[in-house]
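Subject: Structure handover

Hello,

Here is the structure for you to look over. My notes on it follow below.

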Amino acid sequence: MTKTAARRDTPVIAVRPVPAPPPVGGRGRRRLLDQLHAYGFLLGGLVCFALFSWYPAIRAVVIAFQKYTPGAPPEWVGTANFTRVWHDPEFAAAWRNTLTFTLLALLIGFAIPFVLALVLNELRHAKAFFRIVVYLPVMIPPVVSALLWKWFYDPGAGLANEALRFLHLPTSNWSNGADTALVSLVIVATWANLGGTVLIYLAALQSIPGELYEAAELDGANLLQRVRHVTVPQTRFVILMLMLLQIIATMQVFTEPFVITGGGPENATVTVLYLIYKYAFLYNDFGGACALSVLLLVLLGAFSAVYLRLTRSEGDA
């Protein structure tokens, strides 16, 4: 074989040039453009929060120290608004009703969603149907829900008393009685907010490894022991956070007393938020309304800080 033939038989391998790495400056510019694009998408949300959340909150704090009347220049009055609302006879009743409502909501409305989530988690058939049934009240507008329950509580032909008559049980004044009105509103609020809490608990329950329950069953643990020693410790963080959120939400209850009872009877259902509404839109006293808002903000902020501090300390321990 000649050298020419050997050259013809040898395959020719094409060598592609290796591209040079991009300059460092170009990479930095690309990263900067990506960040600008991300912040550009966030800009709309930030502007909405600034205009409709942060600015009104800051403005309310300023007005709390002013005599503010629409159409007139504001006048700085210092702590006079706080002193005036403090001596209002409705002030003590509003805080007492709000704290009682919060306590009753924890006793009635905190355990029920957890128990329902346990039951739904153990179902083998029609899971989707029962989840929709439980979540249905959340999809009803709050005002519509309150109006519906107002008809239920009607002492004459309301559904609640009709059911009691059918069962040959004594009827009740429900939202029209000074002794039962607040409990009636707690039932409404619990029913209206039940679905969201149940779904959050369901998600937490389904994230628990099944091996833990199997090990507990092998050790001879019954249902209550499995819930106590497996379910509750594994969902402890979710339980604590939902408790905090529920306390904050119930301290700001407004729709139920506004629609169903109007703060009555005999101021039995006047809450802090309802009193803020009365100061602003009935008394035309925006300074007093903002002073009450600041007091509620300080109380909830202090409670949240202490609560998170204690729970974090327990978690570290």
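Start with Asp 285: this residue is buried, because its relative accessibility is 18%. Buried means under 20% relative accessible area, exposed means over 50%, and partly exposed lies in between (1.4 Å probe, protein chains only).

Two points on the source. This is a predicted model, so local features need pLDDT of at least 70 and side-chain atom pairs count only at pLDDT 80 or more, while totals for chains, interfaces and linings use all residues. Residues are numbered from 1 along each chain as its sequence is written, and side-chain values use heavy atoms, with hydrogens and water left out.

**Salt bridges**

The count is three salt bridges. The criterion is a side-chain nitrogen of Lys or Arg within 4 Å of a carboxyl oxygen of Asp or Glu.

Asp 285 pairs with Arg 84, at 2.5 Å from N to O. The two come from distant parts of the chain, 201 residues apart: Asp 285 is in the loop between α15 and α16 (286-316), and Arg 84 is in helix α3 (residues 80-86). Helices here are DSSP runs (H or I, at least four residues), numbered from the N terminus. Arg 84 is partly exposed, at 36% relative accessible area.

Glu 90 pairs with Lys 278, at 2.7 Å from N to O. This pair also links distant parts of the chain, with Glu 90 in helix α4 (residues 89-109) and Lys 278 in helix α15, 188 residues apart. Glu 90 is buried at 11% relative accessibility. Lys 278 is buried at 12%.

Arg 165 and Glu 162 form a salt bridge at 3.1 Å, N to O. They are three residues apart in helix α8, so about one helical turn separates them. Arg 165 is partly exposed at 37%, and Glu 162 is partly exposed at 38%.

**Helix α10**

Helix α10 (residues 194-206) has 13 residues. Its span from first C-alpha to last is 18 Å, close to the 18 Å expected. The expected span is 1.5 Å times one less than the number of residues. Its buried residues are Leu 194, Gly 195, Val 198, Tyr 201, Leu 202, Ala 204 and Leu 205. Their cover includes α5 (111-122), α6 (127-139), α9 (181-192), α12 (223-234) and α13 (236-250).

**Nonpolar patch**

Tyr 39, Leu 42, Leu 46, Phe 49, Trp 54, Ile 58, Val 62 and Trp 76 make a nonpolar surface patch of about 910 Å². Patch residues have over 30% relative accessible area and no salt bridge; nonpolar side chains (Val, Leu, Ile, Met, Phe, Trp, Tyr) are joined within 5 Å, like charges within 9 Å. Areas come from the Shrake-Rupley method with a 1.4 Å probe. Helix α2 (residues 24-63) gives the largest share, seven residues. Tyr 39 is in helix α2, and this residue is exposed at 56% relative accessibility.

**Backbone and cysteines**

Most residues other than glycine have a negative phi, and most peptide bonds are trans. Please look at these exceptions. Gly 264 and Pro 265 are joined by a cis peptide bond, with omega about -10°. Pro 265 lies in the loop between α14 (255-261) and α15 (272-282). His 168 has a positive phi, near 60°. Trp 174 has one too, about 50°. His 168 is exposed, at 74% relative accessibility.

There are zero disulfides (a pair of cysteine sulfur atoms within 2.5 Å). Cys 48 is partly exposed at 44%, and Cys 290 is buried at 12%.

Best wishes

Key:
Contact means heavy atoms within 4.5 Å.
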